[in-house]
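Have a look at the model first, then read on.

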Amino acid sequence: MTDTKKVNLLGLSPEKLIAFFESIGEKKFRATQVMKWIHQKGAENFEEMTDVSKALRAKLETICEIRAPEVVSQNISSDGTRKWIIRTEGGKNDCVETVLIPDGDRATLCVSSQVGCSLDCSFCSTGKQGFNRNLTPAEIIGQVWIAIKSFGPMDPNGPRRVTNVVMMGMGEPLMNFEPVVDAMILMMHDNAYGLSKRRVTLSTSGVVPKIYELVKRTDVSLAISLHAPNDALRNELVPINKKYPIAQLLEACQHYLANLPDKRHITIEYTLMSGVNDNEEQAYELAALLEELECKVNLIPFNPFPHSGYEKPSNNRTRRFQKIMADAGYTVTVRTTRGDDIDAACGQLVGDFQDKTRRSQKYIELREVK
């Protein structure tokens, strides 16, 4: 049985790792040594850390651990997409999913931030499962660690096995603010994973106050799950819009961009659902809505899941929506569905956990009535 009193060094941010080593009477540089061993070389125990003195290794063994979440399974799609089911600290029925999407010389890792999701977007399979708890920093960065190590021994001088990280997995990242920020700082730190701030993206449904707080702490790229061109429709699809409507959300996005140290844009994510938000009028309305925001648009054809009540739009409607936005001057991409044969596509992630909100039970009951 794991000694729960041990400090798990995997999840400590650089600042907190330095503070920890100083608290046990060690020099700051020890934190750098250990950080490199864990995050660049994939060390799982302290005996591997050959440039650390034997006395310190023995000391760390007594009071610390390097513990990633447990991998329950790994599935590989026919298109090369990998999906992990990962058991977190909550026990047997406390699992999340992580997805790695290869694309030429890029590999994008979609990381979860919560067990379930505290929000209830109507078109998202994860949201219909309800919510259990927030992930710890070790459980978040552990997903990156697991994905890289799945290719074999980690080599800081070798090719990057994960080039991009998107906080777009299970959960709303800004509802788990501190652990997510700590994990993203590790993702970008030169002594850890060294990812560019342009290659670490946080996706939010629009927790407006936390966007203002985020830009004070980090300068990662920002994506907004918008999915509707007006408040009336977005209130139905993304219920948090009732608390923070579109005008407030776009104002927060402008503030975020204005306070970055470099010129950047926001990614607008828009899931297209047949007959819901994919007609020409809505495309023109979206183009007008975003005209003051420096952004690009990512259209996501809906990925079906059982009893969702929504359908994927036709290719013709998707292309027409894209053309209207492009003609209005926007850079518009259509996200290619990847990993749907292993239920790893956008909106399809479903963990295994106890739902503390009873949302999943209510959803099942509603389904049965229909």
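This is a predicted model: local features need pLDDT of at least 70, side-chain atom pairs count only at pLDDT 80 or more; totals for chains, interfaces and linings use all residues.

Start with a pairing: E11 and strand E12 (residues 266-272) run parallel, joined by 3 bridges. Strands here are DSSP runs (E, at least two residues), as helices are (H or I, at least four), all numbered from the N terminus. To count as a pair, two strands need at least two DSSP bridges between them.

Residues are numbered from 1 along each chain as its sequence is written, and side-chain values use heavy atoms, with hydrogens and water left out.

E11 also pairs with strand E10 (residues 200-204), again parallel, through 4 bridges. Here Thr 201 has Ser 221 of E11 as its bridge partner. Between E10 and E11 the chain passes through helix H7 (residues 208-217), a right-handed β-α-β crossover; that is, with the strands pointing away from the viewer, the path from the first strand over the helix to the second runs clockwise.

| Partner of E11 | Sense | Bridges |
|---|---|---|
| E10 (residues 200-204) | parallel | 4 bridges |
| E12 (residues 266-272) | parallel | 3 bridges |

How many of the residues of E11 are buried? In E11 (residues 221-225), 5 of 5 are, buried being under 20% relative accessible area with a 1.4 Å probe, protein chains only. Ser 221, Ala 223 and Ser 225 point one way, Leu 222 and Ile 224 the other. In a regular strand, side chains alternate between the two faces of the sheet.

Zooming out, the protein chain has 12 helices and 15 strands, and 53% of its 370 residues are buried.

Terms used: Buried means under 20% relative accessible area, exposed over 50%, partly exposed in between (1.4 Å probe, protein chains only).
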